[in-house]
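Colleague: I'm new to reading structures, and I'd like to learn how the words we use are tied to numbers. Could we go through one together?

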Protein chains: 2
Amino acid sequence: MKLYNDKLAPNPRRVRIFLAEKGIHVPTEDVAIMKGEHKTPEHRARNAFGQLPVLELDDGTHISESVAICRYFEELNPDPPLMGASPKEKALVEMWQRQIEFNLFMPVAMTFRHTHPAMGALETQIQPWGELNKERAQKSLQWLDQSLAGKQFITGRNFTIADITAMCAIDFGRIWRFAIPAELENARRWHAAVASRPSAKA
Amino acid sequence: MKLYNDKLAPNPRRVRIFLAEKGIHVPTEDVAIMKGEHKTPEHRARNAFGQLPVLELDDGTHISESVAICRYFEELNPDPPLMGASPKEKALVEMWQRQIEFNLFMPVAMTFRHTHPAMGALETQIQPWGELNKERAQKSLQWLDQSLAGKQFITGRNFTIADITAMCAIDFGRIWRFAIPAELENARRWHAAVASRPSAKA
């Protein structure tokens with residue numbers, strides 16, 4: 001088993017943190033996005049869109065999509081549960097994970113892709129789309145802050161994949177100076193807590 | 001239990017088809033998007049983003065996000081499995097579901113939102129972003145066609161949530177004349193098969 005990884009990109013980080021929280025070690029092989037290694041025919045044979053991460057099983061199966069890779073390990077090693085335990089919990093964790101992905105992670109990524117000079121050579125940049133996403137990402141921080149009122153983690157008492165997605169989104173946003181404003185105290189308290197877990201360094 | 005529904009929108013349809021395939025009946029209450037009913041304080045109390053569908057449990061819990069709602073029913077009623085049975089199958093179904101969501105469903109929706117005159121009053125339309133997504137949606141049909149070569153359904157022998165997401169995306173695209181070109185024979189054969197299942201009318 002092998003995880004195709006990139007050290008700088010936010011999606012592989014989601015999987016590395018998930019594995020660290022589970023205490024699972026998976027060998028990695030780096031495919032450097034900034035060197036264009038993800039767009040080679042070799043990597044496109046693993047993932048048609050040239051994306052990372054990809055998990056390669058011993059039978060040669062390739063599993064793409066961070067959340068799908070996490071699902072695989074959650075099913076094999078349910079403890080500690082990072083995607084919920086009961087049907088209701090599983091549904092609620094998936095709800096939060098997706099809401100954060102669509103309203104925070106993607107707007108942060110879209111802002112980077114469509115406004116950052118470094119991405120001009122790799123993307124068809126549409127500046128107004130980037131600016132709209134910047135506003136959305138900032139608005140979503142307020143929603144996140146309200147959602148965290150009175151709660152330790154995003155879904156409640158337990159650290160879950162939703163916390164991982166949110167932390168990776170916010171940290172990735174630093175590249176365009178995205179940060180949690182001082183007045184969003186719940187979000188700041190939560191971020192300090194999740195960022196201080198050993199898994200955050202994975 | 002109650003499903004807040006809209007008869008015309010593609011996301012509630014995903015859940016209705018999923019439930020029909022499972023043989024589960026859930027009472028619905030319509031919240032008409034075209035009349036703006038999803039943006040009322042009443043509905044925003046169920047979903048902060050004013051989205052549909054939302055599942056309301058008897059204890060008052062609200063579960064948003066189509067895939068999360070499907071997960072709830074899959075966990076409670078695993079047969080027939082629509083999200084995979086083994087850990088590997090579950091991961092692969094989730095991979096396909098997400099790849100279709102990001103590369104087909106979202107580009108189809110973005111094209112509608114950013115280019116269709118009917119959406120001008122509801123969205124900040126960014127025409128070049130809509131056009132880029134139109135190209136992406138069309139390209140993704142080629143990928144889908146290749147992915148379906150020699151396979152009955154998207155993930156293989158079994159009908160899954162990935163087929164539901166793909167069919168709902170393509171059918172939704174009719175609103176801007178999106179259609180599977182005649183030469184994409186695998187995709188056309190697959191679409192005819194899934195569209196003729198009784199669940200497609202749910």
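Predicted model: local features only at pLDDT ≥ 70, side-chain atom pairs only at ≥ 80, totals over all residues.

Colleague: How many bridges join strand β1 of chain A to strand β3 of chain A, and do they run parallel or antiparallel?

Modeller: Strand β1 (residues 2–5) and strand β3 (residues 54–56) of chain A are joined by 3 bridges and run antiparallel. Residues are numbered from 1 along each chain as its sequence is written, and chains are lettered from A and ligands numbered from 1 in the order in which they are written.

Colleague: What makes β1 and β3 of chain A a pair of strands?

Modeller: Two strands pair if DSSP finds at least two bridges between them. Here there are 3 bridges, so β1(A) and β3(A) pair. The names come from DSSP runs numbered from the N terminus: helices are H or I with at least four residues, and strands are E with at least two.

Colleague: Which strands stand at the edges of the sheet in chain A, and why?

Modeller: The sheet is open, with 4 strands in the order β2-β1-β3-β4 and mixed pairing. Its edges are β2 (28–30) and β4 (62–64) of chain A, because each has a single partner strand and one side is left without a neighbour in the sheet. From one strand to the next, the twist averages 25 degrees.

Colleague: What is the order of the strands in the sheet of chain B?

Modeller: In chain B the order is β2-β1-β3-β4, again an open sheet of 4 strands with mixed pairing. There, β1 (residues 2–5) and β2(B) pair in the parallel sense over 3 bridges; B:Asn5, for example, has B:Asp30 as its bridge partner in β2(B). Helix α3 (residues 66–76) of chain B lies across β3 (54–56) and β4 of that chain, at about 120 degrees to β4(B).

Colleague: Why are α6(A) and α7(A) called roughly perpendicular to each other?

Modeller: Axes are lines fitted to C-alpha atoms, for helices over the stretch in contact, and angles run from 0 to 180 degrees between N-to-C directions. Angles under 35 degrees count as roughly parallel, over 145 as roughly antiparallel, 65 to 115 as roughly perpendicular and the rest as oblique. Helix α6 (residues 161–172) and helix α7 (residues 185–195) of chain A pack at about 100 degrees, with axes 11 Å apart, so they are roughly perpendicular.

Colleague: Which residues make that contact between α6(A) and α7(A)?

Modeller: A:Asp163, A:Met167 and A:Ile170 come from α6(A), and A:His191, A:Val194 and A:Ala195 from α7(A). Being in contact means that the C-beta atoms, placed from the backbone, lie within 7 Å. By class, the residues are 4 nonpolar, 1 polar and 1 charged. Ala, Val, Leu, Ile, Met, Phe, Trp, Tyr, Cys and Pro count as nonpolar, Asp, Glu, Lys and Arg as charged, and the others, Gly among them, as polar.

Colleague: And why are α4(B) and α6(B) called roughly parallel?

Modeller: Helix α4 (residues 87–115) and helix α6 (residues 161–173) of chain B pack at about 5 degrees, with their axes 8 Å apart. That angle is therefore in the roughly parallel class. Among the residues that meet are B:Trp96 and B:Leu104 in α4(B) and B:Ala166 and B:Phe172 in α6(B). The contact has 11 nonpolar, 3 polar and 1 charged residues.

Colleague: How many residues of chain A are in contact with chain B?

Modeller: 29 residues of chain A are in contact with 29 residues of chain B. On the side of chain A, α4(A) gives the largest share, 10 residues. That side has 17 nonpolar, 5 polar and 7 charged residues.

Notes. Contact = placed C-beta atoms within 7 Å.
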